[in-house]
Amino acid sequence: MKRISNTENLSYEKVWKLFQETDKSIKETGKQIKETGLQMKETDKKIRQLETLFKVQWGKLIEALVQKPLLKLFQQRGIEVTQMSRNIESVQKGKQMEIDVLMINGEELIVIEVKTTLRKNDVDDLLEKLKDFKHFFKQYKDYKVYGAVAGLKLDEASDKYAYRKGLFVLQAFGEENHIRILNDAKFKPVNFG
């Protein structure tokens, strides 16, 4: 059996001490990383809350911009809507549908999706809603159902896309909260009912 000398013992003790210090340092670093991760999660949560608040407030603003002149605009287009409602919801068999703006008369209605920035996927989302509309709102089963999208900014040629799909396209503009229908006089809306 080999005997360890004092110099070898000291080296071993030094190595062991360095190992313990390194282990302690790694544990402290791990704890700091964990704390930083928790702080980042909290920051992300706050950013998501602010983003949601911003979107909700902008959505309300856009809906307010859209509402005031709409009845008259559609009446000028030959759709004699007389009533308007905001944020209509229906739940059927555990599924939910929300409509931003609904305009109606005795036989026709217009479902309007309002966005700050309108994109193609928003148009597609409205088209899906229109397919299921009468399932969620059975009281309108005998109505003609038209669709419209509205926004301040129109991205991805979403206005042309919506037009081709048979939807009215509305755009808010100016500081006076004006809104216009972008569809030309030749446009014939699709009856999704």
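Buried means under 20% relative accessible area, exposed means over 50%, and partly exposed lies in between, with a 1.4 Å probe and protein chains only. By this scale Glu156, at 47% relative accessibility, counts as partly exposed. The structure is a predicted model, in which local features need pLDDT of at least 70 and side-chain atom pairs count only at pLDDT 80 or more, while totals for chains, interfaces and linings use all residues. Residues are numbered from 1 along each chain as its sequence is written, and side-chain values use heavy atoms, with hydrogens and water left out.

**Overall architecture**

- The protein has 3 helices and 6 strands; these are DSSP runs numbered from the N terminus, with helices being H or I of at least four residues and strands being E of at least two.
- Along the sequence, the elements follow the pattern α-β-β-β-α-β-α-β-β.
- Of the 193 residues in the protein, 32% are buried.
- Contact means heavy atoms within 4.5 Å. Among contacts with a separation of 6 or more, 54% come from residues 24 or more positions apart.
- The accessible surface of the protein is about 13,300 Å², and carbon and sulfur atoms contribute 53% of that surface. Accessible areas come from the Shrake-Rupley method with a 1.4 Å probe, and for residues only the protein chains shown count as cover.

**Positive phi angles outside glycine**

- Lys93 is a residue other than glycine, yet its phi is positive, near 50°.
- Lys93 belongs to the loop between strand 1 (83-92) and strand 2 (95-104), and it counts as exposed because its relative accessibility is 80%.
- Glu156, also not a glycine, has a positive phi of about 55°.
- The position of Glu156 is in the loop between strand 4 (144-154) and helix 3 (158-164).

**Nonpolar surface patch**

- Tyr12, Trp16 and Phe19 form a nonpolar patch on the surface, and together they have about 390 Å² of accessible area.
- Patches are made of residues with over 30% relative accessible area and no salt bridge; like charges are joined within 9 Å, and nonpolar side chains (Val, Leu, Ile, Met, Phe, Trp, Tyr) within 5 Å.
- Tyr12 is located in helix 1 (residues 6-76) and counts as exposed, since its relative accessibility is 55%.

**Salt bridges**

- Side chains of opposite charge can pair when their charged atoms come close.
- The structure holds 6 salt bridges, each being a side-chain nitrogen of Lys or Arg within 4 Å of a carboxyl oxygen of Asp or Glu.
- One of them joins Glu113 and Lys129, whose closest N and O atoms are 2.9 Å apart. This pair links distant parts of the chain, with Glu113 in strand 3 (residues 108-118) and Lys129 in helix 2 (residues 120-136), 16 residues apart.
- Glu113 is buried, with a relative accessible area of 6%.
- Arg119 forms a salt bridge with Asp155, and the closest N and O atoms of the two are 3.9 Å apart. Distant parts of the chain are again linked: Arg119 is in the loop between strand 3 and helix 2, and Asp155 is in the loop between strand 4 and helix 3, 36 residues apart.
- Arg119 counts as partly exposed, at 35% relative accessibility.
- Asp155 also meets Lys153 in a salt bridge, at 3.8 Å from N to O, and Lys153 counts as partly exposed at 48% relative accessibility.

- Ser158 is found in helix 3 and counts as buried, because its relative accessibility is 0%.
- Residues up to four places away in sequence aside, Ser158 touches Leu118, Arg119, Lys120 and Val123.
- Asn183 is placed in the segment after strand 6 (178-181) and is buried, with a relative accessible area of 2%.
- A polar atom of the Asn183 side chain lies 3.1 Å from the backbone oxygen of Leu167, and a polar atom of that side chain lies 2.7 Å from the backbone nitrogen of Val169.
- Asn183 is in contact with Arg77, Tyr163, Leu167, Phe168 and Val169, when its neighbours within four places in sequence are left aside.

How values were computed:
Polar contact = N/O pair within 3.5 Å; in protein donor to acceptor, adjacent residues only side chain to side chain.
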